[in-house]
Amino acid sequence: MLNFFRNKKPYYYILFASFALALASVIIYVSNGANEYNKENISGLIVAMLIAGMVFTAAAAVFELRYIKYVAYACLFYGFLQFVITELNFWGNFIIATDPVPAEAQRYYLSLTVIMLLSWVTILVSALWQKSSEYKKEKEQDKEVAAE
Amino acid sequence: MKIFKKKLWETLSVVMITLLVIAITVNDVTTARSGQINEFLGTMSYEIKETEHPDDYNEEDYVYFPQEMNFDNIEEYYRAVNERVEAEGLVLLKNDNGALPLDKGSKVSMILSGSAETFYATHGPGITPKDKINDDAASELLPNHIITLKRAFEEENKLSVNPDLYAFYKDGKGKTGRAQIADKSGTKKTFKTNEPAWSVYTQPVKNSIANYGDAAIVVITRISGEGDDVTAIGSDGIDGSYLSITAEEYEILRQIADRKASGEISRIVVLLNSAMTIQCDFLFDEVLRIDAAMWIGNIGGSGARAVAKALVGEVNPSGRLSDTFLKNNFAAPSAAYWKVNEGFASVYENADKLNLNNLQKYYGVYVENIYVGYRYFETRYEDYVLDRTYVGSYAYSDDVAYTFGYGLSYTDFEYGNFNVTRNGDEYKVSVTVRNTGAKAGKETVQIYLQKPYTSYDEENGVEKASAELVGFAKTDVLEPSAEETVEITVNREQFKSYDAYGAGTYILEAGKYYLTAAKDAHDAVNNILEKKKAGGATVIADRMVGTGKAALAAELTDVCSVPVDSETYSVATETKGTGNEVSIVNQLSFMDPNLYDGVINTARSNEKVVYVSRADWDHTFPSSKTVLALTEDGEVKYDITSHKPIVEKEGLTMPKYDRNNDVILVQLRGLPYDDPKWNDLLDNLNFGEMVQMLTGCFGYTPAIRNVGKPFTDEDDGPYGVSHSPYGYSSMSCEGIIASTFNKDIFREIGKAFALDARCKADKGEVDVQNLNGLYSPGLNMHRCAFGGRASEYFSEDPVLSAIASRNQIEEMQARGVVSHIKHFILNDEESRRNGICIWGNEQSVREIYLLPWEWSIRPSMSQGDNNELGAHAIMTSFNRTGAIWSSASDSFMMNILRNEWKFDGYALTDMADSNAGVFMTYDDGYMNGTDCFLGMGSPNELDKWANSVTFNNMLRDSAHRVLYVTANYSSAMNGISEYTRFVKKTPLWQAAVYTVLGVFAGLTAVSVSLFAASMIIDAKKKKIVAA
């Protein structure tokens, strides 16, 4: 078991970070909503996308296939964008402060936004890193084959 | 095959997936907000097609609201109206030794930064564009430009302005930024004046004053606006209030006074440039040697010309104060509450324990009862003069600088031939006004009522003010020695009082009533005191401030023949004789802590809130904090929580949908609201269309094609179209409009707003202005000096507000511009306005705060000749009434508004599409009489209630109201005939979004397919190599 993990590249471990961030996003979002004002308004689509992203991230970890990471990325990215657009007015209240949002609510919302953003960024980084690494490996293999 | 290069297609696939996800999201956003995008771009999701017309078809027959003015001539007209309003609205407060008017051509120094940083308007173009400021009288006045005081002074060489001092304020060291500094939480601002100190003035600037010393014109400016009340405690005013002058201002005034003493300056004139009541104690400070003062309010785009004309005597001031100006703003009970509670909004004592959020935990109490503005000062004054029991001591002159209705003129007027006659329920008051001075001018005659304050009232907590404005009239221009007799009708209904704790309805009581013709509220009380004295009452003469005339007051004893009549006005007037009479009973116990179990005061067990009462002034005046908490369960928990369960009403059936019976909206134009044909039209709708029409009203109401409902375009505009690109569109603030006391001007304002809204600009890049509705007028009250939105509301007096509002509305409605009066209800301050709980008692709410709405809406309160032209739309407010969001209060929205007043229009929320507005929920709103939500729309949000029969019926009622108002009162119907059909059209921008989405979807499919193919080929290749 230990050997299994010892042999893994860094992009494999990034997967866990992505999974953890997505899990944290779901838990925080479902339990507290987008912000203190919007606790009751939980978007099913956002939750579904985050869960789907987690499932595909887990599958990518199990099967070690970078193609699955792309699917996970698409889900998490779409979930993130939905989160941003459903809370467009919250952003508006940051900028046009006729009725300003309290600082603690701003901090909470921004933190959740960053967590969601990191979840899709990390899986994308993992996928692209894996892609680069595997193509490099293939290229070397091709060279070896050609040399033989 | 190179085409199947795996790495390339993989990279492309990732890029295309990213772009596709973004495109899908953009499509989601634009679809949901298509109405707003269409409005912004001037596009439509339908086009109008005409079916075959009969031979006698005449297009003009279908122009229901003809356009009276176009863009080429609107500006000149609008500027003239603004100037006229300011000319009749500005109030001359002080004019010692005939300091005003100034000689034409006088050389003047404008003092303080307000001379260059004058405040024109809080809404619209007045506040923003520096490039529209035009302060050079030698230059041509460009279209759309705001006329500054300096420019107006120098036009036609009225006055010559000290250029060095002006430059010092405009671009030099004297330039200041009035500050609104946010606190750490980001939700509270501190208003500061930041006037530069005298030490900042350079010597050349100081020296320049002597060369322009005919007069020092001191411009004291205070800004305010939406979202915040101004700072009562912690500002840089001498007493910590933003509305008192600062130490810097005082020092500058003192320096100017010294120069007057030395002869460098001949006279000192103060202009108060603020919609709020600046504290006026300094005007009485002998050290400052101030000769004259004028309240000019926020002057709008062209009001400066009127100010200039008034200063040189080309305009004779005839404005009368629409608010009481005080020597100490905290002397008013509403402001005293503000002081002892350290602001208007307090947090419930147990807010943390109950886990209340920012939209639930704040409250404010209207402890002042009915004693708003002059009602407090004049009543307490009369009680003191009459030495009533429990009156305490009272020094009227220490509190009041200039009372409500006060105003000087450059001439003098005398009243005579005062007469009151009764004809049924109407009292006709007539009085002859004679100009006894040397200049021509107008006079405002004010009629005040005093009701008897009886032992029944004391026992039952019914309050009566010593003077209530019940009517007024303005004379024409009277030349010296000329006279005019004015007649004012007072309806007996105005004599009623609301008895919340006794009869639970309106009552009329036996006793002595007084009507008096007066120059202001204090004059009215003095007249009545003299009348009482003449009738044998004991009046302590040396307690009187000023004198009165008994001959200008009438004592009425025939008003009510029984001790307490709780029958006559217990039935809603609009319903009398209809067979469906509506009884007026207590509706607002849920917002009176003394009648509502959900509120507790841990320091007091019986009377949780002490309301100010003339039964005991000293012990009821706010002197300690009003600390409230909520009970942990029970009705308050239900009231303060959003998404109340929908209780299905018996006897309702699911509405019919999509009947396609060919009935369209225009065919129902002119039919009564309850005509059965409306059902045929409503049957053509479906749930989705109703949701579309009612949830997405962000400055418009959406079009519904299959019933022929056009898109209607609205804008904010309490005193002028708010988002107009034109500088001229700023009007003087509502307080100045009210202080004209001139019904003709109120009507002219309505006309000007309507014509401006519909002026249809078509000037190259200039935005198009073709509106069918305005969120105007603002109709909340000036209950406290620190209310930040004073510029959008008329007055502290409900009757003046009501008459101003009703006249304006009728002229707007007559021109197809739907007036959305705002904000219903009790949004009289801005502190924590999102969700703050407002507590008060029913008498004060009905008599002070609801009355202007009642007069603006009830058909029988018509001020013109068409009683259909009252308000047909309202905007509700952000605050709660008690613990319930105002727009979700069945008592206000249904029982009072619709049942008692017969309001047949629609109720639109204030900005609901924000996170601060999340407590303003669709279900709570629609279930309680709210019809439209000011937001971007929510196509699916209402689906969860789609199967509720009751919810569907409530939504259908809302759709009915919107359609009814559009059909009958909106200029959007112009050009629509029974031959008109609305055909679906995809706007260009939407087609572009669909195209981009399709292209990205296609490219994603291609790149993913090619990637897959390349992988297969690659795998096969490797297999072959391996083999």
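A residue is called buried if 20 or more other C-beta atoms lie within 10 Å of its own, exposed if 12 or fewer, and partly exposed in between, with C-beta atoms placed from the backbone. Helices (H or I, at least four residues) and strands (E, at least two) are DSSP runs, numbered from the N terminus. The views show a predicted model, in which local features need pLDDT of at least 70 and side-chain atom pairs count only at pLDDT 80 or more, while totals for chains, interfaces and linings use all residues. Residues are numbered from 1 along each chain as its sequence is written, and chains are lettered from A and ligands numbered from 1 in the order in which they are written.

**View 1. Strand 29 of chain B and its two partners.**
Strand 29 (residues 712-716) of chain B is mostly covered, with five of its five residues buried. In a regular strand the side chains alternate between the two faces of the sheet. Here Thr712(B), Glu714(B) and Asp716(B) are buried on one side, and Asp713(B) and Asp715(B) are buried on the other. Two strands count as paired if DSSP finds at least two bridges between them. Strand 28 (residues 700-701) of chain B pairs with strand 29 in the antiparallel sense over two bridges, and Tyr700(B) stands opposite Asp713(B). Strand 30 (residues 773-775) of chain B runs parallel to strand 29 and is joined to it by three bridges; Asp716(B) has Tyr775(B) as its bridge partner there.

The strands follow the order 19-18-23-24 and pair in an antiparallel way. Strand 19 (468-474) and strand 24 (553-556) are the edge strands, each pairing on one side only. From one strand to the next the twist averages 15°; axes are lines fitted to C-alpha atoms, for helices over the stretch in contact, and angles run from 0 to 180 degrees between N-to-C directions. Strand 23 (residues 513-518) and strand 24 are joined by four bridges, and Thr516(B) has Ala553(B) as its bridge partner in strand 24. Helix 13 (residues 521-534) packs on the sheet and touches strand 18 (444-450), strand 23 and strand 24. Its direction makes about 130° with that of strand 23. Contact means that the C-beta atoms of two residues, placed from the backbone, lie within 7 Å.

Helix 4 (residues 66-86) of chain A has 21 residues and reaches 30 Å from its first C-alpha to its last, close to the 30 Å expected at 1.5 Å a residue. The expected span is 1.5 Å times one less than the number of residues. Of the 21 residues, 16 are buried. Tyr73(A) lies in this helix and counts as buried because it has 29 C-beta neighbours inside 10 Å. Leaving aside neighbours within four places in sequence, Tyr73(A) is in contact with Trp120(A), Ile123(A), Leu124(A) and Ala127(A).

**View 2. Glu342(B) in a loop of chain B.**
Glu342(B) sits in the loop between helix 9 (333-340) and strand 13 (346-347). Glu342(B) counts as exposed because it has 12 C-beta neighbours inside 10 Å. The C-alpha atoms of Glu342(B) and Lys625(B) are separated by 8.7 Å, although the two residues are 283 apart along the chain.
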